[in-house]
Amino acid sequence: MKKKQSIASDHRRGWSISRRGFLASAGTGAVAMAVSGRIFASPMGNKETAEMAPDVLSKITLHVNGHPHDLLVEPRWTLLHVLRETLGLTGTKEGCGRGECGACTVLINDIPRYACLTLAVEAEGAAVTTVEGLLDGETLGPVQSAFVEEDAFQCGYCTPGQIMSVEGLLRKNPDPSMDEIRMAVSGNLCRCGAYSHIFKAAASAAKNRRK
Ligand code: FES
Ligand code: FES
């Protein structure tokens, strides 16, 4: 709460970037530059910098993992940026940042969506679920457990996105065929090539959920 208030008040003063956001941007090559005393990190991961008047910020309420969050956001900020950099939900990963890899997959009203292609303002009023929202306290959810049991990852970078695509499938279709499983994760790339284990994990999770 304190963090949110701090971010909001910084925005009202007309400039903002957290120390963490700056370091993250610098580390990924995204550029944050001072322009007339105002600094913005580009959520799109490009080299764009811009000055933005405080009155351009939008006040929204995002419902994430069952909790409402009152936020001030730039209209151009992606849901991925807000989840990771404002709310600290870093389970959702940024891979390509442009709708090609699926690492950023979250559920919006139970439907898998790329958070990098969704503006935060678009998600207002919807139920957003991230990989953190599948936990029951410290206990893994059925899909998460199945990925561990079936050894369905190597580096793990694509895993949260894969898990959310499978979760979205099983919420709609509790007893999918293998073709349906393959189709459901076809928008999630795994450069480690763990696909056969991912398919097995999805089938196993479906079975466990039906029990
Ligand atoms: S980061 Fe969103 S699809 Fe690659
Ligand atoms: S486990 Fe490494 S990219 Fe999928």
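A crossing of two helices is right-handed if the near helix is turned clockwise from the far one by less than a right angle. One of the views below shows such a crossing, between α5 and α7. The model in all views is predicted.

**Figure 1. The whole protein has seven helices and seven strands.** From the N terminus on, the elements run α-α-β-β-β-β-α-β-β-β-α-α-α-α. The protein has 211 residues, and buried residues make up 44% of them. Now take the contacts with a separation of 6 or more. Residues 24 or more positions apart account for 55% of these.

**Figure 2. Five strands form an open sheet.** Their order is β4-β3-β7-β5-β6, and the pairing is mixed. Which strands lie at the edges? They are β4 (67–73) and β6 (111–114), and each pairs on one side only. On average, neighbouring strands of this sheet are turned by 40° against each other, with direction ignored. Helix α5 (residues 159–172) packs on the sheet. Helix α5 touches β5 (105–108), β6 and β7. The direction of α5 makes about 30° with that of β5.

**Figure 3. Strands β3 and β7 run parallel.** Strand β7 covers residues 127–129, and two bridges join β3 to β7. Look for H63: it stands opposite A127 in β7.

**Figure 4. V64 is a buried residue of strand β3.** Strand β3 spans residues 58–64. Is V64 buried or exposed? V64 has a relative accessible area of 2%. The cut-off for buried is under 20%, so V64 counts as buried. Leave aside the neighbours of V64 within four places in sequence. V64 is then in contact with H69, L83, L87, L89, V128 and T130. A126 shows how the chain folds back on this view: V64 and A126 are 62 residues apart in sequence, but 8.6 Å apart in space, C-alpha to C-alpha.

**Figure 5. I60 is another residue of strand β3.** I60 has 3% relative accessibility, so it counts as buried. Which residues does I60 contact, leaving aside its neighbours within four places in sequence? They are H69, D70, L71, V73, A120, V121 and E124. L72 is twelve residues from I60 along the chain. The C-alpha atoms of I60 and L72 are separated by 6.4 Å.

**Figure 6. Strand β5 has buried side chains pointing both ways.** In a regular strand the side chains alternate between the two faces of the sheet. In β5, T105 and L107 point one way. V106 and I108 point the other way. All four residues named here are buried.

**Figure 7. Strand β5 pairs with β6 and with β7.** How many bridges join β5 and β6? There are four, and the pairing is antiparallel. In β6, I111 is the bridge partner of I108. Strands β5 and β6 form a hairpin, with two residues between them. N109 lies in the turn and has a positive phi of about 50°. The pairing of β5 with β7 is also antiparallel, over two bridges. Here I108 stands opposite V128 in β7.

**Figure 8. Helix α3 is largely enclosed by the rest of the structure.** Why is that said of α3? The helix covers residues 79–86, and seven of its eight residues are buried. The buried ones are L79, L80, H81, V82, L83, R84 and T86. One of them, L83, is also a contact of V64. After α3 comes G88, whose phi is positive, near 75°.

**Figure 9. Helices α5 and α7 cross.** Two packed helices are described by the angle between their axes and the distance between the axes. Helix α7 covers residues 195–210. The axes of α5 and α7 come within 11 Å and cross at roughly 40°. That angle makes α5 oblique to α7. Is the crossing left-handed or right-handed? The crossing is right-handed. On the α5 side, the contact is made by Q162, V166, E167, L170 and R171. On the α7 side, I198, A202, A205, A206 and R209 take part. By class, the contact has six nonpolar, one polar and three charged residues.

Methods: Residues numbered from 1 in each chain as written. Chains lettered and ligands numbered in written order. Predicted model: local features only at pLDDT ≥ 70, side-chain atom pairs only at ≥ 80, totals over all residues. Heavy atoms only, no water. Buried < 20%, exposed > 50% of the residue type's maximum accessible area, 1.4 Å probe, protein only. Contact = heavy atoms within 4.5 Å. Pairing = 2+ DSSP bridges. Axes fitted to C-alpha atoms, helices over the stretch in contact; angles between N-to-C directions. Parallel < 35°, antiparallel > 145°, perpendicular 65-115°, else oblique. Nonpolar A, V, L, I, M, F, W, Y, C, P; charged D, E, K, R; others polar.
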